[in-house]
Number of protein chains: 2
Amino acid sequence: MSTPPISRRARPSKAPLSRDVIVRAGLDILDRDGLEALTMRSVAKALDTGPASLYVYVANRDDLLAAMLDESLARVPLSSEGTWRERLHALAAATVDAMGRHEGLAVVALGAIPTGTNALLVVDRMLALLKEGGLDDITAAWAVDLLYLHIAAAGVEQSTYNTQDATEGSTVAMAEARYANLPEDRYPMVTSMRRALFAPGDRDTWGLRVLINGILGTPAEGAPDPSAGDGPGASA
Amino acid sequence: MSTPPISRRARPSKAPLSRDVIVRAGLDILDRDGLEALTMRSVAKALDTGPASLYVYVANRDDLLAAMLDESLARVPLSSEGTWRERLHALAAATVDAMGRHEGLAVVALGAIPTGTNALLVVDRMLALLKEGGLDDITAAWAVDLLYLHIAAAGVEQSTYNTQDATEGSTVAMAEARYANLPEDRYPMVTSMRRALFAPGDRDTWGLRVLINGILGTPAEGAPDPSAGDGPGASA
DNA sequence: CGTTTGACACGAACGCTGTTCGTTTCCTAG
DNA sequence: CTAGGAAACGAACAGCGTTCGTGTCAAACG
């Protein structure tokens, strides 16, 4: 046991230990070994210290996860080219990607109102784009709520698929098999449409288009919904 | 500690211990004491047994949670009145409600393809309604994917709000305060639209209307739909 | 009727977790 | 050179999910 007393002077000045260092070490572990392996102890060990030392910079494990989420969101490119629609779509897709790249982080975003500095930058940019699209304040506010919810959910889904459970056959293959053996009388649509349900295709892109189209065609508050496919005439 | 040997004959025939009983005991604990309190040990104690006994009927804690989710979905009313749109809306809202009523259960639905018997009934009904609305197979399949994702996410959000954290002031009030003290130059939209962002209103209903409107106006891939015609022809 | 069987129930334990407490160490200010 | 205060740490606590081997009991069998 006894650590031979490597006087601190001997080591390469050690890692200074700060909130940022801890967050980055956490992201490293998360990406390399998954969410289960991300424990206060593993993070501490990666920084060559004990778990107690982390609590100076991090309130608890949830706080660490939240900080890791916001750090990931720092890598979302905030600007791109094209119409406001295309830029909004690109921003949303990039955010989904940033959240979905690290297992378990998107879940953190789901329950909470965004308050991290980088999350707020994304929200701010989204609001600007929605206003550029001519939406009124209330509709834009609700839209950003809805979009953020979808982004987080899509991030969860993506990270689930990225983290393939190698123990058994792929999740989707198992589900497909289950759908195939369902009683037709009880689940007529699911069984008959089985092929369409598992058909490949870019559902993420389509989902974002659905949301943006829907937002444009569904003003909040006053007007009833234009069910008769009226154009996206968002009258401010 | 020695349990006085209450010969099994003396007890009121004890609880027979089955998967259903375990699931229901789990839901009781979840609703009464929250997700943290839902441990294999607490469930076992509620059934007057030890944790090891549960593993005959339940593979592990995740399996138990999944079973609890599906049990909750059994209470979703599968039919209502009105147009197919109104029925779809009602079904989706009811599913959100069922998931959001129990803390932490909606998260289980997020990552996974629905395979529970009751979840599949909901999906089947949704598909039927979407087909009734005239959608082609692919669009209906993608729509049910998107709707289910939204439903689970909205359920998570709802359950988060229901489970008020009594330790500190309400989460939304804290967020509102944070938004008020944000630097205006860095977050111009968030600060200026702060009032709209926290304005009350039925965002859930609006969100579902957005989704349904968007689905109707956004055919998937190469499907000939009546009101198509908006920009991206898309390949992918 | 006595015996065997096999599924169910359970006590105890393993290895691990997040978090806290009290102490030690080190750098800086006087 | 000393005093002080913040940072780092060692050890421990209570609890977790899960497994193993043993007990127990009702039904099946000879």
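Modeller: Helices (H or I, at least four residues) and strands (E, at least two) are DSSP runs, numbered from the N terminus. Residues are numbered from 1 along each chain as its sequence is written, and chains are lettered from A and ligands from 1 in the order in which they are written. The model is predicted: local features need pLDDT of at least 70, side-chain atom pairs count only at pLDDT 80 or more, while totals for chains, interfaces and linings use all residues, and side-chain values use heavy atoms, with hydrogens and water left out.

Biologist: How many helices and strands does chain A have?

Modeller: Twelve helices and zero strands. Along the sequence, the pattern of chain A reads α-α-α-α-α-α-α-α-α-α-α-α. Of the 236 residues in chain A, 44% are buried (under 20% relative accessible area; exposed is over 50%, partly exposed in between; 1.4 Å probe, protein chains only). Take contacts next (heavy atoms within 4.5 Å). Among those in chain A between residues at least 6 apart in sequence, 67% join residues at least 24 apart.

Biologist: How do I read a pocket?

Modeller: Rolling a probe the size of a water molecule over the atoms shows where empty space is left. On a 1 Å grid over the protein atoms alone, a pocket is an open set of points with protein on both sides within 12 Å along at least five of seven lines; in a cavity, a 1.4 Å probe fits but cannot get out; lining residues have an atom within 4 Å of a point.

Biologist: What volume has the second largest pocket?

Modeller: About 890 Å³ (the space filled by probe spheres set on the points, which are joined across faces, edges and corners). Its lining has 38 residues; A:D145, B:E157, B:Y161, B:R203 and B:D204 lie nearest the centre. From chain A, α6 (105-111) and α8 (137-162) each supply at least two lining residues, as do α5 (84-100), α8, α9 and α12 of chain B. The largest share, seven residues, comes from α8(A). By type, the lining has 24 nonpolar, eight polar and six charged residues (nonpolar: Ala, Val, Leu, Ile, Met, Phe, Trp, Tyr, Cys, Pro; charged: Asp, Glu, Lys, Arg; polar: the others, Gly among them).

Biologist: How much area do chain A and chain B bury between them?

Modeller: Buried area is the accessible area (1.4 Å probe) that two parts lose on being put together, summed over both. Here that is about 5,800 Å², 70% of it on carbon and sulfur atoms. In chain A, A:I113, A:W142 and A:W206 lose the most area to chain B, together 13% of what that side buries. In contact are 68 residues of chain A and 68 of chain B.

Biologist: And aromatic pairs?

Modeller: Rings of Phe, Tyr and Trp (its six-membered ring) pair if their centres lie within 6.5 Å; planes under 30 degrees apart are stacked, over 60 edge-to-face, the rest tilted. By this rule, there are four pairs over all chains. The ring centres of A:W206 and B:W142 are 5.8 Å apart and the planes stand at 70°, so this pair is edge-to-face. A:W206 sits in α12 (residues 203-216) of chain A and B:W142 in α8 (residues 137-162) of chain B, so the pair joins two chains. Both A:W206 and B:W142 are buried.

Biologist: What of B:V144: buried or exposed?

Modeller: Buried, at 4% relative accessible area. B:V144 lies in helix α8 of chain B. Leaving out residues up to four places away in sequence, B:V144 touches A:L197, B:V123, B:M126, B:L127 and B:L130.
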